[in-house]
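Me: I would like to learn how to read a structure. Please take me through it.

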Amino acid sequence: MEYARLGNSGLKVSRVALGCMSYGDPTRGHQDWVLNADAAGPFFRQAVELGITLWDTANGYGIGASEEVVGQAVREYTSRENVVLATKVYATMHDGPGGSGLSRKAIMENIDASLRRLGTDYVDLYQIHRFDPDTPVEETMEALHDVVKAGKARYLGASSMHAWQFAKMQYTATANGWTRFVSMQDHYSLMQREEEREMFGLLADLGVGSIPWSPLARGRLTRPWGTRTRRSATDAFGLSVLSDDDQPIADAVQKVAEARGLPMAQIALAWVLRNPVVTAPIVGATKEHHLTDAAAALDVRLTDSEVATLESPYTSRLPTGF
């Protein structure tokens with residue numbers, strides 16, 4: 001495993017992150033394909049063996065169930081000081097006034113709830129899951145700063161918003177002497193490259209690291225086009241962004257992978273990892289080879305010709321996931 005600092009911060013993380021949205025309780029929420037604690041255990045153990053130290057979850061995954069499973073895994077398979085624990089706030093957890101969004105009430109209520117579920121006194125990276133247009137930026141950034149100063153989070157991160165929104169939040173923190181974001185969790189893959197237009201340049205200028213979510217396009221870059229899985233057949237978000245324009249991209253990945261004699265996932269992840277702004281793509285694992293393929297992608301060096309083959313089918317599209 002390789003390790004790198006997250007942006008310009010001093011926080012060192014593995015260059016592959018374990019995404020934990022697939023772990024929780026299949027009876028909670030609307031994702032019956034998630035794995036419970038027993039079924040998820042082997043993947044946490046495998047992450048430890050591979051040296052994957054960055055584990056990413058969110059309060060909204062399974063209405064808290066993912067955090068519970070992650071907390072149990074930390075206790076069973078590793079030790080708290082050996083992982084970089086990341087979670088998020090924004091999703092609707094209940095109908096009360098602090099049950100969603102990024103108000104001061106919501107942030108203070110939900111950080112405590114996340115810590116209880118995770119079974120820890122602090123998280124290493126506390127991320128806002130989305131931009132909240134209904135709360136003043138000053139209120140959100142001061143509340144997040146207070147969470148850090150209270151010792152409940154070590155660093156702050158953001159996820160999926162327009163570049164101007166992120167710039168506004170970061171500037172507000174700087175102007176007031178509050179804690180700044182060290183990371184941005186982008187929707188980025190060969191099938192969704194709109195972050196390259198404005199966000200990535202901003203991140204490079206600000207010294208903020210990118211930890212892309214869905215770098216394999218929800219698995220569509222890991223198998224020949226048209227192959228269906230249990231999740232792909234029921235994943236509402238994935239179905240909503242699927243387009244026939246994506247087939248040439250998947251075909252290009254398959255072409256390069258077959259020529260190299262490598263799994264498609266390794267090629268698609270190697271392309272994401274070559275971007276200098278990217279620190280660690282987030283990989284969800286539900287099969288044994290998922291994490292080993294991700295780790296092996298660190299050793300794949302794509303040629304200029306291969307990169308051209310992979311990138312040429314892309315067409316401009318709206319960013320998704322905001």
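Reply: Start with contact: it means heavy atoms within 4.5 Å. Helices (H or I, at least four residues) and strands (E, at least two) are DSSP runs, numbered from the N terminus. This is a predicted model: local features need pLDDT of at least 70, side-chain atom pairs count only at pLDDT 80 or more, and totals for chains, interfaces and linings use all residues. Residues are numbered from 1 along each chain as its sequence is written, and side-chain values use heavy atoms, without hydrogens and water.

Me: Which residues of H5 do Val137, Glu138, Thr140 and Met141 in H4 meet?

Reply: They meet Lys168, Met169, Thr172 and Ala173.

Me: How are two packed helices described?

Reply: By the angle between their axes and the distance between the axes. Here, the axes of H4 (residues 137-149) and H5 (residues 163-176) come within 9 Å and cross at roughly 60°. Axes are lines fitted to C-alpha atoms, for helices over the stretch in contact, and angles run from 0 to 180 degrees between N-to-C directions. That makes H4 oblique to H5. Angles under 35 degrees count as roughly parallel, over 145 as roughly antiparallel, 65 to 115 as roughly perpendicular, and the rest as oblique.

Me: Is Arg193 buried or exposed?

Reply: Buried means under 20% relative accessible area, exposed over 50%, partly exposed in between (1.4 Å probe, protein chains only). Arg193 has 12%, so Arg193 is buried. Arg193 is found in the loop between strand E8 (181-185) and helix H6 (199-206).
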